[in-house]
Amino acid sequence: MSKDIPIVQKVARSVSNSWSNGIAGLSSSPTTSFHSPQASFPGLQRSNTTQKALKPFDTKDIKVLLLENVNETGQTILREQGYQVEAIKSSLPEEQLIERIKDVHVIGIRSKTKLTAKVLNSAKNLLVIGCFCIGTNQVDLKTAASLGIAVFNSPFSNSRSVAELTIAEIIGLARQITDRSAELHAGIWNKVSAGCWEVRGKTLGIVGYGHIGSQLSVLAEQMGMQVIYYDVVPLMALSTSKQIKDLETLLSKSDFVTLHVPETADTNNLISTAQFAQMRSGSYLINNSRGSVVDIPALIEAMRSGKLAGAALDVYPNEPGGNGDYFNGSLNNFTDDLRSLKNLILTPHIGGSTEEAQSAIGVEVAQFLVRYVNEGTTQGSVNLPEVTLRSLTIDEPNHARVIYVHKNVPGVLRQVNNVLADHNIDKQMTDSRGEIAYLMADISNVKPDELKELQHNLTASSAHIRTRILY
Ligand SMILES: NC(=O)c1ccc[n+]([C@@H]2O[C@H](COP(=O)([O-])OP(=O)(O)OC[C@H]3O[C@@H](n4cnc5c(N)ncnc54)[C@H](O)[C@@H]3O)[C@@H](O)[C@H]2O)c1
């Protein structure tokens, strides 16, 4: 039950208690403070002078399984919370994953671990999934939401790395650098200038002017390129770049076309035979977005016909699950054709693979996980409604935070408020996303022995998915 924990420097009173379905019992934790997120996420910042750090369990009880070599920065943040962290370098096949996930409250993965409905249904204690990467299509998000499991990722921590790789490729293609290098590795001296260009004064066409596309435009302009971009939404231009009203016009005006759109039904084969025909003769295509965005057989045709002077691909429709000699015809049937083409830069999905990006992803996702476990905040979640409440303070010692994930059906709020009615509801927020709703409420004057009853009554509703009480 709740314990008075000595106040540290008269500011923070750390408590560490919770009721949660799926995790038995109440316990207390050592004093520990919450890690403030980076300054680049101002909405997440908070003062730590009067904040009461909610801790859901004895933190030693929180079991975290990290797969796929999650960056040390993330591991450190989770370990500093006192959680039991096990880190494994590889992903796990489904059967092993089902065994290992049964116990854990938090799982951290990257892109290769598949969290299917079957896996998630066996994860009886799982509260939250951290995707220490950009994409989340390796997780069955709908099933996770229906089980009240939040999913977080780090969509934009590696934007700069992708933008810089693209700059390298623009120059690399214009100067045929990878061909010259491969020749010299093979002992062949081939000093040529025909078909090699400066990029200064050339036009870069950016498709998708989001986090990556817009940063890229600034870098490209610094090299003297003219930048135009096409996006499905009107977006303010950075620097002197110009938005173009349609893709066809952009393709016809660009010396270099680079793709930075998400993978959606609309972007599937966005660049195919018709679009290659609209491009300038002797132009270049770069795809560092997703493998489905370019029709690769059509690209091979455009390269062979000389329509394209070069291309760079970082992403492919099918990508191997690990490193090795897997880039062959059994992966994608056009692979051998790609490997035979000149001035085609092929990279193994390394756009975001820098030390800086991995480190930033580790920090951002770990902070999301800690905030969710300790405070219930879903801000940044990709599958639950985003709900947050300001922190409780040390002046609110007998408060409890109720977190209630429930089906989005009429009448639930009335039921919840009936259950909470004997307490003052200091603040409450609820939001829904599709079939799932998420409620947070801070209630005052709660006696420890009332928590069990509160938990029991909230769980009784047919709309209930998951209830946690932090205090
Ligand atoms: N190669 C890598 O390692 C790597 C790393 C990070 C991101 N990515 C990929 O890069 C892509 C862009 O990432 P981001 O962070 O800039 O995304 P973002 O969401 O910030 O920007 C995407 C932009 O594309 C626009 N868009 C959507 N559909 C479009 C369409 N049909 N035509 C034109 N514009 C469209 C959106 O309006 C948005 O402005 C994503 O596919 C992402 O998965 C790859």
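My entries follow, going from the whole protein to single residues.

**Entry 1: the whole protein**

I noted at the start that this is a predicted model. I looked up the totals and found 14 helices and 17 strands. The protein has 471 residues, and 45% of them are buried. I then turned to contacts between residues with a separation of 6 or more, and found that 65% of these join residues 24 or more positions apart.

**Entry 2: the cores**

Which residues touch the most other members of the largest nonpolar core? I found Val 128, Ile 149 and Leu 369, in a core of 75 residues. Helix H12 (residues 355-375) gives this core its largest share, 11 residues.

Setting aside neighbours within four places in sequence, I listed its contacts as Val 106, Ile 149, Ala 150, Phe 152, Leu 369, Tyr 372 and Val 373. Apart from this core I found another one, of 47 residues, which includes Tyr 209, Leu 216, Ile 244 and Leu 285.

**Entry 3: helix H5**

I stayed with H5 and checked its span. Its 16 residues reach 23 Å from the first C-alpha to the last, close to the 22 Å expected at 1.5 Å a residue. I then went through its buried residues, among them Val 162, Leu 165, Thr 166, Glu 169, Ile 170 and Leu 173. A reminder to myself about spacing: an α-helix has 3.6 residues a turn, so residues three or four places apart point the same way. After H5 comes Gln 176, with a positive phi near 55 degrees.

Asn 69 is not a glycine, yet its phi is positive, at about 60 degrees. I placed Asn 69 in the loop between strand E2 (63-66) and helix H1 (72-80). Is Asn 69 buried or partly exposed? It is partly exposed, because 15 other C-beta atoms lie within 10 Å.

His 349 is also a residue other than glycine with a positive phi, near 50 degrees. I found His 349 in the loop between strand E13 (344-346) and H12. His 349 has 16 C-beta neighbours inside 10 Å, so it counts as partly exposed.

**Entry 4: Gly 224**

My last stop was Gly 224, in the loop between H7 and strand E8 (226-230). Why does Gly 224 count as exposed? I counted 11 C-beta neighbours inside 10 Å, and a residue is exposed if that number is 12 or fewer. Leaving aside neighbours within four places in sequence, Gly 224 is in contact with Arg 200 and Gly 201. I also checked Val 199, which is 25 residues away along the chain, and the C-alpha atoms of Val 199 and Gly 224 are separated by 7.5 Å.

Definitions and conventions. Residues are numbered from 1 along each chain as its sequence is written. This is a predicted model: local features need pLDDT of at least 70, side-chain atom pairs count only at pLDDT 80 or more; totals for chains, interfaces and linings use all residues. A nonpolar core is a set of buried Ala, Val, Leu, Ile, Met, Phe, Trp, Tyr and Cys residues joined through C-beta atoms within 7 Å. A residue is buried if 20 or more other C-beta atoms lie within 10 Å of its own, exposed if 12 or fewer, and partly exposed in between; C-beta atoms are placed from the backbone. Helices (H or I, at least four residues) and strands (E, at least two) are DSSP runs, numbered from the N terminus. Two residues are in contact if their C-beta atoms, placed from the backbone, lie within 7 Å. The expected span of a helix is 1.5 Å times one less than its number of residues.
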